[in-house]
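Colleague: I have a structure to go through with you. Shall we take it piece by piece?

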Amino acid sequence: MRKELQKYFRNDKLPHIWCPGCGHGIITGAVVRAIDNLKLNQSKVCIVSGIGCSSRAPGYMNFNTLHTTHGRALAFATGIKMANPDLKILVLTGDGDCSAIGGNHFIHAARRNIDITTIVFNNSIYGMTGGQYSPMTPKAAFATTAPYGNIDRNFDLCKLAQSAGATYVARGTVFHVPQLIKLIEKALKHKGFSLLDVVDICPTYFGRRNKMSSPIAMMNKIREMSVTVRSASKMSEEELSGKIVIGEFHEERVPEYTEEYAKVIEKAQGGN
Amino acid sequence: MHERVEIRLSGSGGQGLILAGIILAEAAILDGKNAVQSQSYGPEARGGASRAEVIISNINIDYPKVSNPDVLLALTEEAMLKYKYDLQQKGLLIIDSGIEKPEDSYKILQVPILETAKNQVGKIIVANILALGVLTMATGIVSKESIEKAVLERVPKRTKELNKKALYEGFKLGKTQ
Amino acid sequence: MSKKIILMQGNEACVEGALAAGMRFFAGYPITPSTEIAEISAEKLPKLGGKFIQMEDEIASMGAIIGASLTGFKSMTATSGPGFSLKQENIGFACLAEIPCVVVNVQRGGPSTGLPTLPAQGDVMQTRWGTHGDHPIIVISPSSVREVYDMTIRAFNLSEKYRVPCILLMDEVVAHMREKVELPEQSSIDIINRKYLNPSMSVYKPYMDYDGDGIPPMMNFGDGLPYHVTGLIHDISGFPSTNADVSKDLLNRLMSKIYNNLDDILEYENIYTEDAETVIVSFGSTARSVHRAVYLLRQEGFKVGMLRLKTIWPFAHKAIKKLKQTPVRNLLVAEMNFGQLLETVKASAEGAFRTYGLNKYNGELITPQEVINKVREVAKHA
């Protein structure tokens, strides 16, 4: 780790709890690098998480950090941002935390367009509890609760976020790190609800169950399967099957929620 | 006055009886008395027979519900039939002229509340305020001054004159008996 | 000096009290019979520069007020039975992470959707043990509109002082009735704010008992040193620990900050208990019926009194203990449920009294006549 990045970590809390080969550290590192590149005021950054492997990340990061209940990070984060819009809010969450138990909070935070950057550590599995399928587990993949193969259809979180009203939507991967850092920077600079779906690897639970226990093999698979948004636009649905489309999907300027509420305050006070 | 007077105002949902109950309670407070107002909520409050209840007392009001009303006002027959069951034997029943007078031993005051509101005042919507005028004159539970003040403080500015007229028509109807 | 005397609804008084106490954040979700609290907050908060948000559900509302409280805002949510059930997990978070907040529960008939528009007192045990695990909590219950105002202020004060969620346990009757009230001047109201640590210090341990009173001082997110808050059992630095001593010490401190301050937290009212043979224990709107019954029975010469609990949890064992030094022989617990408080009263009585329950759970307030009948029946047994 570069020396200038050390101040962003709680070095006494390391080593982390993640398994060897886990991609969570890569995303955590990318988040910190993006924050450093943007020179955000450390004491004004607030990182909120739910429950799961990824939600442990804030504990290692030297900011105002809040490790909440399962799926509820965005609800807590909404309260923080509403109360103090000067704080820069990030939500670090997993695919299960965000899209299953937290799905309702996710679509409503997106709908409000509240200025929160949500970064999903999407490893397609519940890691903390030992490898159960999540709403992001691909169909036919194996998990401890899908011993015969998963029959659930999986969410495309980017499409879900965009249709719910998120105003910045992108997907990165733990393989394409320089791009990931850039995407996080873009998301952080965006005024409004931003969603970054980060395709991540869990060799311990997803890999082992799905004949890919080597992190290198999983990384290679991400590299092989990834196509850019631009290339994807020229590909047929058949060609896109199983592919990971990465890059920016959506960006728009829409009034941000706490700014809108500031107008409510103005109106209410003017009406006195 | 009695230590505790219980009043039930009833009619159909939308006749403004809850507002009337609030105004009556506010008038009592202006008279320096204690008052508690409550109402039915939920499906019952949306249509059909609806009610508001007011307790007025010179002393502290503990039990906040009406158990044996001293006065029942009914603007519709449905409301009267539904809510007169526990009216005190010596109680006063105030009903609109459109209601068939029941064969009961209560003191009954039957006056054309709805008709007067519609034709004399010009708007049926103020029947609730007119009814308060009738009730004030017929019972003396609250003073005329206080009920007028309470009405004018509660109703929208542009309807003040209309409501005042309704209240005064009510005073007249209440006094003729 | 008093403000003017007005007719006010219980739910309205709750908001007025909250604003007087310094509430500047409210997150809620509509549910009968608490909805007016959200509606009035939505109107009044922005006028004071405060914030209101209607969340997607009660779970989110509870999360949002905890988040807002961490930035230093006095925060409140209001709900009723079904919503109160949904809030439980995050209430537990606030208990463990020691985040001050006020949760109003306007009780209606249950279980499940139950009787949405009708009163009940069936959440007594849920307010104490609704969230999982041993945890501290303070629950107070008003009987009149003026008391709703006063107790909402008190709920904020207790919550801020002890860094614990405080539940204002109302019922549909108290919430919806309008009553004559005379509100005090703001300047005459005692307001307690949470303890803060000097943000300029170089190390902040968010759960260190700096003052030795069991209540660690707080620091707002964004005001100084970064720190960590978690729903996991944590050490004094706020970071997760599974160490047996850390777990034990934390839970001991959480409990003792409440149980070492019972004299401050417990409030109850004795009426005619000195010479009473039968004392009726009640709270909330039921206490009003009991008061009427006691008044009427006394006129008939019955030696009857009442104990009204204003603090429901922690339970006022000392109030029961004091009755042991009086001629009281019978305790009658009147409540709109199957006897939730009765069980605790029985345990507290330790056989010193005959205990009876007067229970009603049909969506109607217990009437004075029902109390009178029960007292007569109890007197016959004696």
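Colleague: Which residue in S16(C) is the bridge partner of Leu332(C)?

Modeller: Keep in mind that this is a predicted model. Strand S15 of chain C covers residues 330–335, and six bridges join it to S16(C). The two strands run parallel. In S16(C), Leu332(C) has as its bridge partner Tyr356(C).

Colleague: Which strands are the edge strands of that sheet?

Modeller: Five strands of chain C form an open sheet with mixed pairing. Their order is S11-S13-S12-S15-S16. An edge strand pairs on one side only. In chain C, that gives strand S11 (268–271) and strand S16 (354–359).

Colleague: What angle does the direction of helix H10 of chain C make with that of S13(C)?

Modeller: Helix H10 spans residues 286–299 of chain C and packs on the sheet. Helix H10 touches S11, S12, S13 and S15 of chain C. With the direction of S13(C), its direction makes about 165 degrees.

Colleague: Is H6(B) roughly parallel or roughly antiparallel to H7(B)?

Modeller: Helix H6 (residues 144–154) and helix H7 (residues 160–175) of chain B pack with their axes 10 Å apart. The angle is about 150 degrees. Angles over 145 count as roughly antiparallel. Therefore H6(B) and H7(B) are roughly antiparallel.

Colleague: How many charged residues has the contact of H6(B) with H7(B)?

Modeller: Residues of H6(B), including Lys144(B) and Glu148(B), meet residues of H7(B), among them Lys160(B) and Lys164(B). The contact has six nonpolar residues and one polar residue. Its charged residues number four.

Colleague: Which chains have the most contacts between them?

Modeller: Chain A and chain B do not touch; their nearest C-alpha atoms are 17 Å apart. Two pairs of chains do touch. The most contacts are between chains A and C.

Notes: Residues are numbered from 1 along each chain as its sequence is written. Chains are lettered from A and ligands numbered from 1 in the order in which they are written. This is a predicted model: local features need pLDDT of at least 70, side-chain atom pairs count only at pLDDT 80 or more; totals for chains, interfaces and linings use all residues. Side-chain values use heavy atoms; hydrogens and water are left out. Two strands pair if DSSP finds at least two bridges between them. Helices (H or I, at least four residues) and strands (E, at least two) are DSSP runs, numbered from the N terminus. Contact means heavy atoms within 4.5 Å. Axes are lines fitted to C-alpha atoms, for helices over the stretch in contact, and angles run from 0 to 180 degrees between N-to-C directions. Angles under 35 degrees count as roughly parallel, over 145 as roughly antiparallel, 65 to 115 as roughly perpendicular and the rest as oblique. Ala, Val, Leu, Ile, Met, Phe, Trp, Tyr, Cys and Pro count as nonpolar, Asp, Glu, Lys and Arg as charged, and the others, Gly among them, as polar.
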